[in-house]
Amino acid sequence: MKRFSLALFAVLTLALPARADVDIVEVTSPGGITAWLVQEPSIPFMALDIRFRGGASLDALGKRGATNLMTGLLEEGAADMDARAFARVTEALAASFSYSVRDDSLSISARFLTENRDEAVALLRASIKEPRFDQDALTRVRDQVLSGIRSDAQDPNEIATAAWRKMAFGTHPYGSAYEGSVETVSALTREDMIEAHANIFAKDRLYVAAAGDITPEALGAMLDTLLGDLPDTGAPMPEEAQLAISGGVTVIPYPTPQSVAMFGHAGIDQDDDDFFAARVLNQVLGGGSFESRLTQEVRVERGLTYGVYSFLVPRDLAATYQGQVASSNETVAEAIEVIRDEWQKAATEGVTEEEIADAKTYMTGAYPLQFDSNSAISRIMVGMQMLGLPIDYIPTRNERVEAVTVDDVQRVAGYLLDPAGLHFVVVGQPVGLESGPLPN
Amino acid sequence: MTALRLAFAALLAAWPAWAAADDQVTTFALDNGIQVVVVEDTRAPVVTHMLWYRVGSADEAPGVSGVAHFLEHLMFKGTDELASGEFSSVVAANGGRDNAFTSYDYTGYFQRVASDRLGLMMQMEADRMTDIAPTAAEILSERGVILEERAQRTDSDPAALFREQMSAALYLNHGYGTPIIGWRHEMEELDMEDVMSFYAEHYAPNNTVLVVAGDVTADEVRALANEHYGVIPANPAITARQRTQEPPQRAERRLIFRDARVAQEYVTRSYIAPERDPGAQEKAAALTILAEILGGGTTSFLAEKLQFDTQTVVYVGAWYRGMSLDDTSFSLVVLPAPGVTLEEAEAAMDTALTEFMETGVDAEQLDRIKMQLRASQIYARDSADGVARRYGSALTSGLTVADVQAWPGILQAVTAEDIMQAAAEVLRPESSVTGYLTTPEAEGGPTQ
């Protein structure tokens with residue numbers, strides 16, 4: 001077979017990324033609710049995404065887990081239907097509704113067929129506006145949540161995450177798991193569910209997107225049916241979280257052959273002018289591609305792990321820069337040393353022009369790959385609205401990545417990467433590591 | 001409720017209007033034996049290129065468990081044309097993503113890129129079909145990686161270790177009893193010769209299925225595939241897959257897995273079950289629906305009895321994986337409620353199963369399940385990648401394109417009698433393993 005390096009080179013230099021071409025319109029209902037829509041009539045169904053800002057961080061003091069449990073109960077009985085009746089009707093319509101909550105938002109993702117759309121919307125509305133919170137459902141779902149919390153307490157990854165979060169954010173909601181603890185969840189009552197529901201379901205924090213077989217007019221009417229009678233305001237948003245973690249190592253002994261390490265320090269906000277430069281930097285250092293420095297050094301060169309990553313976590317109330325690795329107890333100290341070296345090297349020497357160019361090519365190329373289904377497009381659009389991005393953002397996004405200069409990345413590396421500020425939480429039986437300051 | 005039920009009945013009557021087959025799918029073969037499937041979807045200017053090999057961990061010889069998966073990792077090292085790691089870096093530099101997967105019955109490699117890069121992906125994928133060249137140092141470091149992968153996915157997770165023991169007990173004579181990633185003591189010994197002989201024996205065009213999904217036409221795929229893959233000669237030594245088969249199973253097996261890391265105890269039971277066979281998928285269709293009836297969500301029979309009526313368990317599930325080259329399994333799991341022992345949960349599950357065998361299938365529930373199966377054909381069209389994976393796994397698991405396209409109709413034709421007959425045939429204690437996942441000090445355990 002002949003060599004084709006030359007051919008590859010030609011393709012590389014001429015390559016332009018696929019252009020994301022998504023035709024979004026803004027729909028405002030007669031009642032004043034807005035949504036973003038991509039009309040795509042080729043398949044007779046639609047995807048609908050609804051989000052409420054605040055999420056589990058709206059939990060009242062001492063009621064940690066209330067929003068999560070309430071969210072789990074939305075599909076467990078509504079209006080004149082108990083849990084089983086609600087499930088049977090949903091199945092008969094072949095609709096699917098998923099309700100989930102995270103730190104910053106409560107998300108509802110729905111998909112339903114064009115031909116029974118009105119029935120599906122009526123059912124979805126009942127779950128949002130008229131959940132029953134029956135005591136038997138509450139007890140049953142609470143047992144499921146408690147089972148999950150107990151499992152997390154034995155899972156090395158969850159143990160590490162919980163410890164890092166607690167050190168970083170203390171008593172702020174970001175300092176604990178949104179599922180709550182065995183103690184707080186066991187104490188939750190039906191009244192707590194009603195309060196958590198009133199806290200979050202309001203128009204002042206609502207975002208909607210839809211994609212699929214529906215016209216703007218029909219969507220407008222649907223928005224009013226579905227969400228028109230929500231109250232205007234909900235609970236006030238929680239305060240910003242203050243990051244309290246500093247450099248060091250915390251070892252949590254746990255009987256397992258492989259240690260898990262979570263690490264990180266302060267990050268950068270999504271609306272910071274340097275955010276894209278930080279994304280490019282992270283792509284080079286420890287982003288998802290096989291080419292990242294961390295993957296090359298820890299996995300490919302030394303075989304110390306199956307996976308090592310770093311990631312920016314810009315949430316509404318605090319931003320962190322975190323990472324994780326899993327490595328055998330005998331080798332995790334070496335893995336951590338390599339990660340610290342790479343962090344140090346990037347902070348002081350920056351990254352190369354070639355690495356930056358490769359990272360930008362990867363990011364601009366990967367971006368359009370995700371707009372490949374109604375469900376994905378709807379989900380992406382609702383997320384864009386929560387970030388405050390303009391409706392014409394998608395075709396301009398890659399230009400923003402391209403605009404990042406080598407100087408930008410080096411400058412951001414200089415102030416964002418803080419090797420001495422990294423805190424590693426290690427769960428396992430690591431050899432040659434103990435709690436305390438970072439080793440020299 | 002009544003209004004909804006009426007609407008549902010009207011919908012059933014109107015159904016055939018859009019119950020068309022996979023009209024977006026084209027299939028053909030190249031002269032050297034590569035089977036090609038094209039799934040057209042022009043909604044986004046991207047394409048997924050997948051090459052599936054008809055070989056998986058269940059095709060490994062005794063003593064080298066994990067070699068199929070180890071080879072999958074080493075396919076990303078160098079060839080005579082590409083430097084080590086160059087494959088993935090070229091994909092990344094073209095804004096694409098790539099990865100691979102190994103199963104019992106197949107090994108697959110895929111890239112997702114802008115559609116005008118399809119030829120480049122084929123060029124590189126065809127290259128590594130014939131002459132990978134891992135170095136001795138790479139064998140060592142990558143063996144470290146797969147051992148860490150096993151540590152992460154299996155050894156660190158008591159539920160994963162338990163599943164491994166369950167499979168080993170369920171299969172008396174078949175490779176499905178050996179974990180895909182391999183037994184650690186054999187993985188530690190895998191060497192260059194093990195990998196390269198497995199590669200030489202199984203990697204050739206006449207042992208592959210090429211699946212391309214996205215913004216591309218069948219004609220474009222045909223031309224590119226002929227250019228890049230069509231020039232590779234077939235390996236005549238590759239013939240129909242020969243595997244050891246299960247003997248009749250005659251003894252109920254039970255096992256207890258104790259691990260201090262277990263937070264939620266549970267009981268699971270797996271039965272040997274027939275898989276989807278070419279031209280004979282009816283029994284598998286009945287079992288697919290049986291799994292939904294018994295454990296498919298909150299309206300399922302076991303959830304009704306055990307979660308709602310008696311509150312004996314916090315969760316119940318049933319699974320059947322029909323896509324399999326050889327005998328597959330039908331599994332049940334119950335998570336006992338607080339204060340309920342594993343023995344009590346198992347007894348409640350058996351009582352409910354006995355009741356099901358007596359009362360039979362609820363007609364309304366069967367209607368709802370069939371409605372969802374029909375709708376899933378519509379929803380499935382939203383993901384060209386999903387359609388691509390469905391064809392790739394079917395064609396490497398012994399099925400044909402005709403079987404894939406007949407499957408939705410066969411599911412709709414399943415009757416209550418078919419389901420009960422399949423249940424009676426498969427839910428036999430003699431061909432089952434029942435396992436308890438528990439803690440060393442758990443009270444009320446099966447040892448008392």
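1. Of the 448 residues of chain B, 52% count as buried, that is, with 20 or more other C-beta atoms within 10 Å of their own, C-beta atoms being placed from the backbone (12 or fewer is exposed, anything in between partly exposed). The model is predicted: local features need pLDDT of at least 70 and side-chain atom pairs pLDDT 80 or more, whereas totals for chains, interfaces and linings use all residues. Residues are numbered from 1 along each chain as its sequence is written, and chains are lettered from A and ligands numbered from 1 in the order in which they are written.

2. Chain B contains 16 helices and eleven strands, defined as DSSP runs numbered from the N terminus (helices H or I, at least four residues; strands E, at least two). Its C-alpha atoms fill a box of roughly 65 × 55 × 40 Å along the principal axes.

3. Among contacts in chain B between residues at least 6 apart in sequence, 81% join residues at least 24 apart. A contact requires C-beta atoms, placed from the backbone, within 7 Å.

4. Between the chains, 61 residues of chain B are in contact with 68 residues of chain A. H5(B) gives the most to the side of chain B that touches chain A, with nine residues. By class, this side has 28 nonpolar, 19 polar and 14 charged residues. Here Ala, Val, Leu, Ile, Met, Phe, Trp, Tyr, Cys and Pro count as nonpolar, Asp, Glu, Lys and Arg as charged, and the others, Gly among them, as polar.

5. The largest nonpolar core has 265 residues, of which Ala210(A), Ala261(A), Leu290(B) and Val334(B) touch the most other members. Such a core is a set of buried Ala, Val, Leu, Ile, Met, Phe, Trp, Tyr and Cys residues joined through C-beta atoms within 7 Å. Helix H10 (residues 282–295) of chain B supplies the largest share of this core, nine residues. Leaving out residues up to four places away in sequence, Leu290(B) touches Tyr320(B), Ile419(B), Ala422(B) and Ala423(B).

6. Leu30(B) lies in the loop between strand E1 (25–29) and strand E2 (35–40) of chain B. Leu30(B) counts as buried because 20 other C-beta atoms lie within 10 Å. Beyond its neighbours within four places in sequence, its contacts are Val36(B), Ala225(B), Asn226(B), Tyr229(B) and Gly230(B).

Definitions and conventions
Contact = placed C-beta atoms within 7 Å.
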